Amino acid sequence: MLKCRTAWKKLAPLARASSTVCRQNVRRAGLNHGRLPAQIPVAHMSTGPAGGGRENQLYALLVGAVCLGGGIYAYRTIKGDQIRYQERIDDISTRHKVTTEQPDEPIEAEPPAVEATEPEAAPEPEPTPEPVAEPSSEPQAEPTPEEPSSPAPEAEAEAPSETTESAPEEITPAASKIPSHAPYLLIGGGTASFAAARSIRARDPGAKVLIVTDEPDLPYMRPPLSKELWFSDDPSVTETLRFKQWNGKERSIYFQPASFYIKPEELESAENGGVAVLTGKKVVHMDVRGNKVKLDDDSEISYNKCLIATGGVPRNLQVIERAGEEVMKRTTLFRKIDDFKSLDKVSRNIQSITIIGGGFLGSELACALGRRSNESGLEVIQMYPEKGNMGKVLPEYLSNWTTEKVKREGVKIISEALVKSVTCKDDKLEIRLKDGRVVKTDHIVAAVGLEPNVDLAKSAGLEVDSDFGGFRVNAELQARSNIWVAGDAACFYDIRLGRRRVEHHDHAVVSGRLAGENMTGANKPYWHQSMFWSDLGPDVGYEAIGIVDSSLPTVGVFAKATAKDTPKAATEKSGTGIRSESETEDTAVSPVASSTPAPAEEQHKDDYGKGVIFYLRDKVVVGIILWNVFNRMPIARKIIKDGEEHADLNEVAKLFNIHED
């Protein structure tokens, strides 16, 4: 550039002279075309020939030299900037790799050491998340604990690393940890999502399915958390999450081992599709028009079809929420794996525990902890506002019988109890009831119901049912043309029983399966009545279907139970502890009724060993409970589906063969 400036100083006079010549020539040309007045002098402006002569040539040469010099300068400048830019990017990328690893808690200490010694060793940080993911991955592997331990830790480690722009483990797949697009996006990692994923893959074998869950675990079943796991004699059950069913067979609470799933970053490139689970991530915003969702780390995922299966969150009592931090620390809201682990630990280290709630969950936990109290001396108290256990579901006489059964398990029952306040005094929780009674305890389990998780309703513009709660959907479980809802969060239209919302395992299976089929174009309405069941230990259990509400008129037909009329015997016969897994969607054909005459009801007035309870609405059966009667649910399903009036329900009860030994 300095050379160009020197040359310009020397050639400047010539340039000025040349410009004079140029102006003269231009004006001459203008005169020839009649564009300038005739009186403008021309001759005195020129000192040379008309064509400009040697000065014009020098001017042209000068301009060309300047242009060439400027071009060379521009080229060298741009080239130098590119080199410096690349060096800067490489420097930033190297530093970014270190900083992104630091926020990830499980690998906070390891990566800097690896980075300092060998920057290329990307796989080195991968083993570090294993201790975090082990509890959720080990029990899923049926053959050996090692089998799932490689995929599952990666699945869990992927989630935290997504909060940064590039992955800490490797440089290449930085942006691919969270897929940018999923043809089938399932929000929620519970039973409904897993059932939908399996259904989608059955109808569309090449489907690519992404499950997004805010839990750190792969999809698992919740019923054993309040049932069989508490009766396990394995001291490490909280780590293995494996349990023995009533029939003695062992299984894991996880639906599939980690090897069943593919990694989220491999989903888009998977030739044959697959199911990927993105753990530890929560969908916080839903753009229905744009067909995309935003996660809590601001990353976005677009979709073709979406299922909302967000389930619910446990309710708490307002008096507990207002009681302060110390009371909240000593209160468990039971729902997830972590809740089971923490309650198991707490119950082994305290003297007294109080369960508030007389529904399914409260009664199951009361029986489970009551059985443990016989060995450890733990005082177990169950209180509820109803007169007896499951008073909102069972008719009063059966509720009272169940209450006595729970008492025999070692549980102290406080019925018709309305909590007025809870305080912490002298290292004890003091529960004061509205009638003046005071209960002192060390820990509280609040089992007072479930609140459907409808956080996405506002951003998605989806309707929430004002009566039942949950996302309002049609009989095909559709909320929008490409959005479905299943499980606890769905308020659906049952073509037989009207609008409903159901919070049970089998409904999650049935509705998830149906939603998955409809996401692949089946267009089926909800017609398969789901069942639910509850066990009060291995000896007493029941299965139910339809609307079972103690405020409805009921008719019960009972018989004397035998040794085979228990949940334990039922699982031995069906081969599964999750009794709904033995269910089929086939409509039952009414069997030949037993020829054994039904004994008079008064003969077994107080002996409710086994039987059938019919729930009526407008003289039509809308719900049935099979009390210690198992594997007869297709018959009950057909009765509800037919929707007929029955003159004598004792005759209908014969279809279940309850009077046969």
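## A hairpin in the predicted model

In the hairpin of strand 6 and strand 7, 4 residues lie between the strands, and Asn 291 takes a positive phi near 55°. The model is a predicted one. Strand 6 covers residues 283–287 and strand 7 covers residues 292–295. They pair in the antiparallel sense, over 4 bridges. Across the pairing, His 285 stands opposite Lys 294 of strand 7.

## Helix 13

Helix 13 runs over residues 360–376, 17 residues in total. From first C-alpha to last it reaches 24 Å, close to the 24 Å expected at 1.5 Å a residue. Its buried residues include Gly 362, Ser 363, Glu 364, Leu 365 and Ala 366. Cys 367, Ala 368, Leu 369 and Gly 370 are also among them, as are Arg 372 and Ser 373. Just after the helix, Gly 377 takes a positive phi of about 80°.

## Helix 14

Helix 14 has 13 residues, which should span 18 Å at 1.5 Å a residue. Its end C-alpha atoms are 19 Å apart, which agrees. Leu 398, Ser 399, Thr 402, Thr 403, Lys 405 and Val 406 are its buried residues. Seen down the axis of helix 14, they fall within an arc of 160°, so they line one face of the helix. An α-helix has 3.6 residues a turn, so residues three or four places apart point the same way.

What does the buried side of helix 14 pack against? Its buried residues pack against helix 13 and against several strands: strand 12 (379–383), strand 13 (411–414), strand 26, strand 27 (610–617) and strand 28. The face turned away from that side carries the exposed residues Glu 396 and Arg 408. Gly 410 follows helix 14, with a positive phi near 100°.

## Aromatic pairs

The count of aromatic pairs comes to 11. One of them is Phe 360 with Phe 532, an edge-to-face pair at 5.3 Å centre to centre, with 75° between the planes. The pair links distant parts of the chain: Phe 360 lies in helix 13 and Phe 532 in strand 24 (residues 531–535), 172 residues apart. Phe 360 is partly exposed, at 22% relative accessible area. Phe 532 is buried, at 6%.

The rings of Tyr 397 and Phe 558 also pair: their centres are 6.1 Å apart and their planes stand at 85°, so the pair is edge-to-face. Tyr 397 lies in helix 14 (residues 396–408) and Phe 558 in strand 26 (residues 554–559), so the pair ties together parts 161 residues apart in sequence. Tyr 397 is partly exposed, with a relative accessible area of 29%. Phe 558 counts as buried, at 9% relative accessibility. Elsewhere, ring pairs link Phe 360, Trp 401, Phe 532, Tyr 542 and Trp 627 into a cluster.

## Nonpolar cores

The largest nonpolar core holds 129 residues. Which of them touch the most other members? They are Leu 185, Ile 253, Met 286, Ile 301, Ile 624, Ile 625 and Trp 627. Strand 28 (residues 620–627) gives this core its largest share, 6 residues. Apart from this core lies another, of 15 residues, among them Val 319, Ile 356, Ile 381 and Val 419.

How values were computed: Residues numbered from 1 in each chain as written. Predicted model: local features only at pLDDT ≥ 70, side-chain atom pairs only at ≥ 80, totals over all residues. Heavy atoms only, no water. Helix = DSSP H or I, 4+ residues; strand = E, 2+ residues; numbered from the N terminus. Expected span 1.5 Å × (residues − 1). Buried < 20%, exposed > 50% of the residue type's maximum accessible area, 1.4 Å probe, protein only. Pairing = 2+ DSSP bridges. Phe/Tyr/Trp six-rings, centres within 6.5 Å; stacked < 30°, edge-to-face > 60°. Core = buried A, V, L, I, M, F, W, Y, C linked by side-chain atoms within 4.5 Å. Arc of directions from axis to C-beta. Contact = heavy atoms within 4.5 Å.
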